[in-house]
Amino acid sequence: PRACANGYLEEIYGHYRNNRATILLMHDINIKSASMLKIILENLKRDNIDWKFELIDEIPVVREFAEL
């Protein structure tokens with residue numbers, strides 16, 4: 001889980017430095033995914049990076065795309 005989390009964190013921090021958002025789709029119940037998410041959230045909290053959970057259909061740009 002750590003190697004995978006590090007890959008996601010690299011992408012998240014790259015987007016954050018460029019004022020861009022990152023969407024992580026978490027859709028399974030695998031224990032490795034839960035462990036990876038824990039690592040990601042601990043790092044974001046440590047570095048004071050704002051984040052939030054949203055359902056995919058609550059994200060405006062996704063909703064707009066779906067309506068096309």
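Q: Looking at the model above, does N19 count as buried or exposed?

A: N19 counts as exposed because its relative accessibility is 75%. Before we go on, this is a predicted model, with residues numbered from 1 along each chain as its sequence is written, and side-chain values use heavy atoms, leaving out hydrogens and water. Local features need pLDDT of at least 70 and side-chain atom pairs count only at pLDDT 80 or more, while totals for chains, interfaces and linings use all residues.

Q: How many helices and strands does the protein have?

A: Helices are DSSP runs of H or I with at least four residues, strands are runs of E with at least two, and both are numbered from the N terminus. Here there are three helices and zero strands, so the pattern along the sequence reads α-α-α. The C-alpha trace spans about 40 × 30 × 15 Å along its principal axes.

Q: Which loop holds N48, and how should I read its phi?

A: N48 is placed in the loop between α2 and α3 (60-67). N48 also is not a glycine, and its phi is positive at about 55°. With a relative accessible area of 63%, N48 is exposed.

Q: What does L9 touch, and is L9 buried or exposed?

A: Contact means heavy atoms within 4.5 Å. L9 lies in helix α1 and is buried, with a relative accessible area of 4%. Leaving aside neighbours within four places in sequence, L9 is in contact with I40, N43 and L44. For a distance along the fold, take L9 and H27: they are 18 residues apart along the chain, and their C-alpha atoms are separated by 18 Å.

Q: What about N43, seen from its own side?

A: N43 has its place in helix α2 and counts as buried at 14% relative accessibility. Beyond its neighbours within four places in sequence, N43 is in contact with L9 and Y13. Across the protein, residues 24 or more positions apart account for 63% of the contacts with a separation of 6 or more.

Q: How many salt bridges are there?

A: A salt bridge is a side-chain nitrogen of Lys or Arg within 4 Å of a carboxyl oxygen of Asp or Glu. By this rule the count is three. One of them joins the side chains of E42 and K38, at 2.7 Å from N to O. E42 and K38 are four residues apart in helix α2, so about one helical turn separates them. E42 is partly exposed at 41% relative accessibility, while K38 is exposed at 52%.

Q: Which residues make the nonpolar surface patch?

A: Patches are made of residues with over 30% relative accessible area and no salt bridge; like charges are joined within 9 Å, and nonpolar side chains (Val, Leu, Ile, Met, Phe, Trp, Tyr) within 5 Å. I23, L25 and I56 make a nonpolar patch of about 280 Å². I56 lies in the loop between α2 and α3 and is partly exposed at 40% relative accessibility.

Definitions and conventions
Buried means under 20% relative accessible area, exposed over 50%, partly exposed in between (1.4 Å probe, protein chains only). Accessible areas come from the Shrake-Rupley method with a 1.4 Å probe; for residues, only the protein chains shown count as cover.
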